[in-house]
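Subject: Handing over a structure

Hi,

Here is the structure I promised to pass on to you. Please have a look at it first, and then read my notes below.

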Protein chains: 2
Amino acid sequence: MREHNLAVVLAEVIRHQPVTRARLAEITGFTKTTVSNLLTVLAEAGLVRDGGFVHEGERGRPGVAVSIDPNGAAGLGLEINVDYLAACIVDFGRRIRYRHVVASDHRGRAPEAVVEALSRLAREALASAKAQELAVAGAVVALPGLIDREQGLLRRAPNLGWGQVPIRSLLRAGLPALRLAVDEDNEANLAALGELWFGAGRELGDFVHVSGEIGIGAGIVMDGRIFRGAHGFAGELGHIVVERGGAACGCGGRGCLEQSAGQEAILRAAGLEGTKVTSAASADGSLSALLARLEAGDDRARSAVKRAGKALGITLASVVHLLDPDTIVLGGIFSALAPWAKPAVAKVLAKGSGTLRDAMPRLVVSRLAGGAAVLGAAGLVVERVTAEPALLL
Amino acid sequence: MREHNLAVVLAEVIRHQPVTRARLAEITGFTKTTVSNLLTVLAEAGLVRDGGFVHEGERGRPGVAVSIDPNGAAGLGLEINVDYLAACIVDFGRRIRYRHVVASDHRGRAPEAVVEALSRLAREALASAKAQELAVAGAVVALPGLIDREQGLLRRAPNLGWGQVPIRSLLRAGLPALRLAVDEDNEANLAALGELWFGAGRELGDFVHVSGEIGIGAGIVMDGRIFRGAHGFAGELGHIVVERGGAACGCGGRGCLEQSAGQEAILRAAGLEGTKVTSAASADGSLSALLARLEAGDDRARSAVKRAGKALGITLASVVHLLDPDTIVLGGIFSALAPWAKPAVAKVLAKGSGTLRDAMPRLVVSRLAGGAAVLGAAGLVVERVTAEPALLL
């Protein structure tokens, strides 16, 4: 019960800060003594602090106000993707305090070596957090595959060629003590949460976020939460078949969306196969060769992207029929490619959705591009502490 | 607050009945006086009644037990489908007390005339309820189309050729006073709820129920509730495209699943076009001509059903990738067709789902066949009263 009440008071501090104890008692229905006791516990956990005075009502002295302590419980976000690693730190006020992206191709590499490289990135991030006097509560790792969150296991990542990687224990071994355990999640889910908390998502309501990298995934957000499905594998948009009997896919199927609209498929169709081009999240300019050709009006590049947009539109029409989202957010590489891809997506989506609906879902372009997943990962730590501050006691 | 407490006590009576007041006070944490007062209110609303004695613990006299009154708040379920009407009564204990299905083709008929026919069916059902001393709390109507539940409007029913039908007001005019307003919902959603409450659903957890009639819809059940999407149009499985550039569909699209696996498409492919065959829900033996041919080993009928099963399997593979359900229930006509259709569905589904998953979702055949939607409609009335008994005060 006390654990629940801690969460209630913390939520109201977040909502109304700066706010007096008297006002919190009014809002929560707890006595002032109970509010004070709970705030003492939250302050000891580093989550709230006194700061400034607030005038409430017409008369009397201003009261001492309470706010969250943004430095009290930061989140470490980590990401292993097919062709980059990323780390970031988000503070308890959801401000981004550190970001680092490193291009590196992981296809065919040993998972242990890649996790070791990620651990180095994580240690650098934690050093920066320490220098900024941030208390890091925990870490979440974004991974491009199917995750068993109970076991801390990456079960399959077809674009990496990995299977059954005990990612949590590998990372724990490589990381200095965190207050909470390392958690892991699918990058498409985390990218949607990144969009919700750091991008367009705050105004979006229920939406589907399309995460375009080498693989393509979707994060389905309803009522501010990710819909995960019965085994945590929902949102595998990239393996929906758009071309029956088409190109073989790493998943074992044929003609999957990834084979038409994934980053490699687009580069291949644009004649840029083998070019050293890295994902949208990369620090080095990302997709620059393709974007340069698109801007120069190169026919082959433009028709490659248009074709990818059509394939994505076909798949999204099925998403609309099944899930009836309010908004679809184009993220990852589709963010940078939007000027050339979005018209094709919108056209095919409208056509494929029939005339049953009065209005199509809004089609929105992410401003976070490839950085959404690692931000979502860090934000998830903050979210977990907010929902269950007793975790830190 | 009292309204909430009424629902809490009612839920515990349902869960533990027959149960003493003392035990209810223990379970809920309310005082015995509060429990007694709340039970008095629930008894006056006709929802609970004293009955029998229960021995609790080792010593002492048996206590007077409380149970729900199954006759106290029955639900009237109604259904307009493309080629039949249905009505049923379900009592507050979720027992089916009355069912009536009438085959009648509504394509091209005026909505007003069809609603008038449904009103007659509803009045007969209410007369039977009265004879059985059932207090009917409200009615829900199942409709094969897109519903605006705020307005009580059937927006589009492509297989009926109807649009913008003010179904709620039409029905209200035709029905004697009910305690609650008439509500309406999509038949695929209600069929899934029917399966949950009256069919295989109790053991299923999260599932997708496929409602095969002339149209094909899906009801997505998560945590015991229907997922409706942003505008209430989720689950439109029948309009997912399986054959690009295929046959024109009433929705304005081409190659929709309904055009390959809907009842008419199957009959056409089987050479039974124009035969007077009615849906699985009909009272008269349903799909009998097709089933007779299938049982006789007729090649054309068997390959028609197999083709439909393949098309359904292709679509369900997309459902699995997007929603990751635990179980898929084949309902409506697919229930009767299962011996011939299910192997094809299972094969294509397994192939189309790739090798990412260790296990396919279970593929289960509904025992309710076409009767699920009208049962779900009646059950929804009971569910609403259970969640909010204060509605009846």
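Let me start with one pair: the side chains of Asp50(A) and Arg21(A) meet in a salt bridge, with N and O 3.2 Å apart. By salt bridge I mean a side-chain nitrogen of Lys or Arg within 4 Å of a carboxyl oxygen of Asp or Glu. This pair links distant parts of the chain, 29 residues apart: Asp50(A) sits in strand E2 (residues 48–54) of chain A and Arg21(A) in helix H2 (residues 21–28) of chain A. Helices (H or I, at least four residues) and strands (E, at least two) are DSSP runs numbered from the N terminus. Side chains of opposite charge can pair when their charged atoms come close. Over all chains, the structure holds 28 salt bridges.

A word on the ground rules. This is a predicted model, in which local features need pLDDT of at least 70 and side-chain atom pairs count only at pLDDT 80 or more, while totals for chains, interfaces and linings use all residues. Residues are numbered from 1 along each chain as its sequence is written, chains are lettered from A and ligands numbered from 1 in the order in which they are written, and side-chain values use heavy atoms, with hydrogens and water left out.

On confidence, chain A averages a pLDDT (the predictor's confidence in each residue, from 0 to 100) of 89, and 94% of its residues score at least 70. Residues 280–286 of chain A stay under 50, and there the model has 19 contacts beyond four places in sequence; contact means heavy atoms within 4.5 Å.

Now the domains. Chain A is divided into domain 1 (2–68), domain 2 (74–191 + 373–392) and domain 3 (200–368), with bounds from an automatic or database domain assignment. The C-alpha centres of domain 2 and domain 3 of chain A lie 24 Å apart, and 23 residues of domain 2 are in contact with 29 residues of domain 3. About 2,000 Å² is buried between these two domains of chain A, 49% of it from carbon and sulfur atoms. Buried area is the accessible area (1.4 Å probe) that two parts lose on being put together, summed over both. On the domain 2 side, Asp83(A), Leu146(A) and Asn189(A) lose the most area to domain 3, together 25% of what that side buries.

Between domain 2 and domain 3 of chain A there are 2 salt bridges. Elsewhere in my notes is the salt bridge of Glu264(A) with Arg107(A), whose closest N and O atoms are 1.9 Å apart.

Finally, how do chains A and B meet? The contact takes 40 residues from chain A and 40 residues from chain B. The area buried between the two chains is about 3,500 Å², with carbon and sulfur atoms giving 60%. In chain A, Leu322(A), Asp324(A) and Leu356(A) lose the most area to chain B, together 22% of what that side buries.

Best wishes
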